Amino acid sequence: MIQRMSHSAIFVLDQDVAKDFYVNKLGFEVSMDQSMPNGFRWLTVSPKGQSDLQIILMKVAPSPFEGSNVQKIQPQDVETIGGLMKKGAFGAGVFQTADCRKTYEEMKAKGVEFLSPPKDQFYGIEAVFRDPFGNWFSMTQPKNM
Amino acid sequence: MPDQHSSLALVNDETFRRLCRARDLLAAGYQSQIFLDAAAREACLSLFHFHRLFHSTFGETPHDFLTRRRMERARHLLASGDMTVTEVCLEVGYSSLGSFSSKFQSIVGVPPTHYQRQIRRVFGFQKPWKIMLVPACYFSAFGA
């Protein structure tokens, strides 16, 4: 039986840029940052209050393996995916905050780009921001319902 | 977007920051006998409130967090091959080998000596080396 989710992936185009954004701007902690000899880099971060969930910052990359039924990612696919990301095709999830308006001001001061400022919704106060690649997130201060 | 029911409480920003600082202090102090009241002081909370808020924010008690960090550190030290079980026990802040070993076993599943033997057999005793805790599926899909 599946008991919980331990890792979730956010696809990025550059892991150094991603690490700087998620750690220095969003305040997440690095759980693992290991590079393999072949260049593959396993980089995971967690929000400070949720160390049991690891967010994999996975680089979109061509897949070099041959000899399988499954079609592999080609170099031109990486460009296509990057373009779709920039257009906002990927909303990777919802983050929770105890104070949406305050956190919005702090993040803006650090240069985080918001698609929507804090707005009152029936479920709480919600702002929407994006990472450097176009992945966008809701940041919600939930209302007790 | 629909509200997600959260099982953990949200504390206000300033309290969250203080709890994170206290947690960092606990994490850094696993080697020495860092007392939980020093961490509570860092959070500017009474020991009772610190315990309660830490648990409701991070999902585990400060003591459990400290123990978990010590055992993670112990696993890395045992795997790196330089230290004996006794040395690792002292390094992570336990003065009694018996309590260290039984706590290690209850968390990791095997006694520390057994763990050290297993790890050395799997990875070989060579340094420098790192345990690559990378899921094979991601590595085979995106690695080379």
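Reply: Let us begin with chain B, whose secondary structure comes to eight helices and zero strands. Helices (H or I, at least four residues) and strands (E, at least two) are DSSP runs, numbered from the N terminus. The model is predicted: local features need pLDDT of at least 70, side-chain atom pairs count only at pLDDT 80 or more, and totals for chains, interfaces and linings use all residues. Residues are numbered from 1 along each chain as its sequence is written, while chains are lettered from A and ligands numbered from 1 in the order in which they are written.

Me: What percentage of the residues of chain B count as buried?

Reply: A residue is buried if 20 or more other C-beta atoms, placed from the backbone, lie within 10 Å of its own, exposed if 12 or fewer, and partly exposed in between. Of the 144 residues of chain B, 22% are buried.

Me: How is the packing of two helices described?

Reply: Two packed helices are described by the angle between their axes and the distance between those axes. Axes are lines fitted to C-alpha atoms, for helices over the stretch in contact, and angles run from 0 to 180 degrees between N-to-C directions. In chain B, helix α1 (residues 13–28) and helix α3 (residues 47–58) pack at about 95 degrees, with their axes 11 Å apart. α1(B) and α3(B) are therefore roughly perpendicular to each other; angles under 35 degrees count as roughly parallel, over 145 as roughly antiparallel, 65 to 115 as roughly perpendicular and the rest as oblique.

Me: Which residues make the contact?

Reply: Two residues are in contact if their C-beta atoms, placed from the backbone, lie within 7 Å. From α1(B) come Thr15(B), Phe16(B), Leu19(B), Ala22(B) and Arg23(B); α3(B) supplies Phe50(B), Leu53(B), Phe54(B), Thr57(B) and Phe58(B).

Me: Is Pro75(A) buried or exposed?

Reply: Pro75(A), in helix α2 (residues 75–86) of chain A, is exposed, with 8 other C-beta atoms within 10 Å.
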